[in-house]
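Student: I am new to this structure. Please show it to me, and then let me ask about the labels.

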Amino acid sequence: MNRLAGIVMLLIAMGFTPMAMAQVAPMVEALLEPEEVAVGESAMLRITVLVPTWFTGPPEFPSFELPNAIVRLPADSSYPTNKRVDGETWSGIVREYQVTPMVGARFRFDDRKMVVRFPDPDTNEPVETEVTVPAVELLSTVPPGAEN
């Protein structure tokens, strides 16, 4: 028992704690505004990825192409941001997509993966990880009288 206590004390002295063992994962947020549009109107899909340190390369955002919808990257569609997370400032990148449905339907953006690269906050070792973009839905409606 004394030997185990000695090992634990040595690891703590070296800065090895359960929190240091747990790798900090990037955060990904998805916001669609508005969530309902008429056919031919546009909604903005905003994807925000946050890391606890900084990016060592650009995030690899997924494609959001869908049948029966036009998805475009407007000018200046990517820009930096930051957010306080548990008292720490995390670095972020936002990418905006303009989504214009061409038919009345429910469009679902899900199962999209993206690659993020950043240094580990404890060791500064490079981390490359794949994260999932949260699912969002867009409802497009046909205005009354235009159904045909």
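Tutor: Start with exposure: buried means under 20% relative accessible area, exposed means over 50%, and partly exposed lies in between, with a 1.4 Å probe and protein chains only. E137 has a relative accessible area of 31%, so E137 is partly exposed. This is a predicted model, where local features need pLDDT of at least 70, side-chain atom pairs count only at pLDDT 80 or more, and totals for chains, interfaces and linings use all residues. Residues are numbered from 1 along each chain as its sequence is written, and side-chain values use heavy atoms, with hydrogens and water left out.

Student: What makes a stretch of the chain a helix or a strand?

Tutor: Both are DSSP runs, numbered from the N terminus: helices are H or I with at least four residues, strands are E with at least two. The protein chain has two helices and ten strands. Along the sequence the pattern is α-α-β-β-β-β-β-β-β-β-β-β.

Student: How many of the 148 residues count as buried, as a percentage?

Tutor: The buried share of the protein chain is 32%.

Student: Why is the contact between K83 and E29 called a salt bridge?

Tutor: A salt bridge needs a side-chain nitrogen of Lys or Arg within 4 Å of a carboxyl oxygen of Asp or Glu. For K83 and E29 the N to O distance is 2.7 Å. That is within 4 Å, so the name applies. K83 sits in strand β5 (residues 78–85) and E29 in strand β1 (residues 27–33), 54 residues apart. By this rule the structure has eight salt bridges.

Student: Are K83 and E29 buried, partly exposed or exposed?

Tutor: K83 has 35% relative accessibility, so K83 counts as partly exposed. E29 has 30%, so E29 is partly exposed too.

Student: How do you know that E137 and R106 form a salt bridge?

Tutor: Their N to O distance is 3.1 Å, within the cut-off, so the pair qualifies. E137 lies in strand β10 (residues 136–141) and R106 in strand β7, 31 residues apart. R106 is at 54% relative accessibility, so R106 counts as exposed.

Student: What makes R108 and D110 another such pair?

Tutor: The closest N and O atoms of R108 and D110 are 2.8 Å apart, so this is a salt bridge as well. R108 has a relative accessible area of 41%, so R108 is partly exposed. D110 is at 24%, so D110 is partly exposed. Salt bridges with shared partners join R106, R108, D110 and E137 into one network.

Student: Why is the pair of F64 and Y97 called edge-to-face?

Tutor: Rings of Phe, Tyr and Trp (its six-membered ring) pair if their centres lie within 6.5 Å; planes under 30 degrees apart count as stacked, over 60 as edge-to-face and the rest as tilted. F64 and Y97 are 4.7 Å apart, centre to centre, with 65° between the planes. The distance passes and the angle is over 60, so the pair is edge-to-face. F64 lies in the loop between β3 (43–51) and β4 (69–72) and Y97 in strand β6 (residues 88–101), so the pair ties together parts 33 residues apart in sequence.

Student: How do you know that F64 and F109 are an aromatic pair?

Tutor: Their centres are 5.8 Å apart, within 6.5 Å, so F64 and F109 pair. The planes are at 65°, so this pair is edge-to-face. F109 is in strand β7 (residues 105–109) and F64 in the loop between β3 and β4, so the pair ties together parts 45 residues apart. F64 and F109 are buried. F64, Y97 and F109 form one aromatic cluster.

Student: What makes a group of residues a nonpolar core?

Tutor: Its members are buried Ala, Val, Leu, Ile, Met, Phe, Trp, Tyr and Cys residues joined through side-chain atoms within 4.5 Å. The largest core here has 26 residues, of which L45, I47, F64, M114 and V116 touch the most other members. β3 gives the largest share, five residues.

Student: Which residues does I47 contact, beyond its neighbours within four places in sequence?

Tutor: Contact means heavy atoms within 4.5 Å. Among the contacts of I47 are V28, F61, F64, Y97, M114 and V133.
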